[in-house]
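Me: Hi! I've got a structure open here and would like to talk it through with you. Could we begin with its pockets?

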Amino acid sequence: MIVEPVWKKAAECRGMDPAMFIPTKGEPYKPALRVCARCRVVDECLEWAIATGEGSGIWGNTRPIERRAIIADRNRTP
């Protein structure tokens with residue numbers, strides 16, 4: 001059984017089409033970022049994506065390349 005994190009109940013994207021947050025190559029990702037920008041649990045979402053190694057999609061107002069940069073930066077910090 002997969003347990004949904006409590007913060008997801010307050011997510012702005014709850015109930016929206018998940019495909020919007022997993023754009024394929026060439027599809028726009030900015031509409032998803034606009035949803036994230038007004039979300040009150042964006043920080044929790046980002047931390048969850050990093051902790052679980054989420055390698056695709058828009059999470060916590062970031063794209064995968066941005067999350068990789070955050071992780072690299074955190075790994076450099078003592």
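Me: How much space lies in the largest pocket?
Reply: About 380 Å³. Keep in mind that this is a predicted model.

Me: Which residues are closest to the centre of that pocket?
Reply: Lys8, Cys13, Arg14, Phe21 and Trp59 are the closest to the centre, out of 23 residues that line the pocket.

Me: And which elements give two or more residues to the lining?
Reply: Those are helices α1 and α2.

Me: What does the lining have by class?
Reply: You'll find 15 nonpolar residues there, along with five charged and three polar ones.

Me: OK, new topic: the largest nonpolar core. Which residues touch the most other members?
Reply: That would be Phe21, Cys36, Cys39, Val41 and Ile58, in a core of 14 residues. Helices α1 and α2 (42-52) each supply at least two residues of this core.

Me: Where does the largest share of the core come from?
Reply: From α1, which gives four residues.

Me: Which element has the lowest mean pLDDT, and which the highest?
Reply: Helix α3 (residues 64-76) has the lowest, at 95, while helix α1 (residues 30-37) has the highest, at 97.

Terms used
Residues numbered from 1 in each chain as written. Predicted model: local features only at pLDDT ≥ 70, side-chain atom pairs only at ≥ 80, totals over all residues. Heavy atoms only, no water. pLDDT = per-residue confidence, 0-100. Core = buried A, V, L, I, M, F, W, Y, C linked by side-chain atoms within 4.5 Å. Buried < 20%, exposed > 50% of the residue type's maximum accessible area, 1.4 Å probe, protein only. 1 Å grid on protein atoms, 1.4 Å probe; cavity = no way out; pocket = protein on both sides within 12 Å on 5 of 7 lines; lining within 4 Å. Points joined across faces, edges and corners; volume = space filled by probe spheres on them. Nonpolar A, V, L, I, M, F, W, Y, C, P; charged D, E, K, R; others polar.
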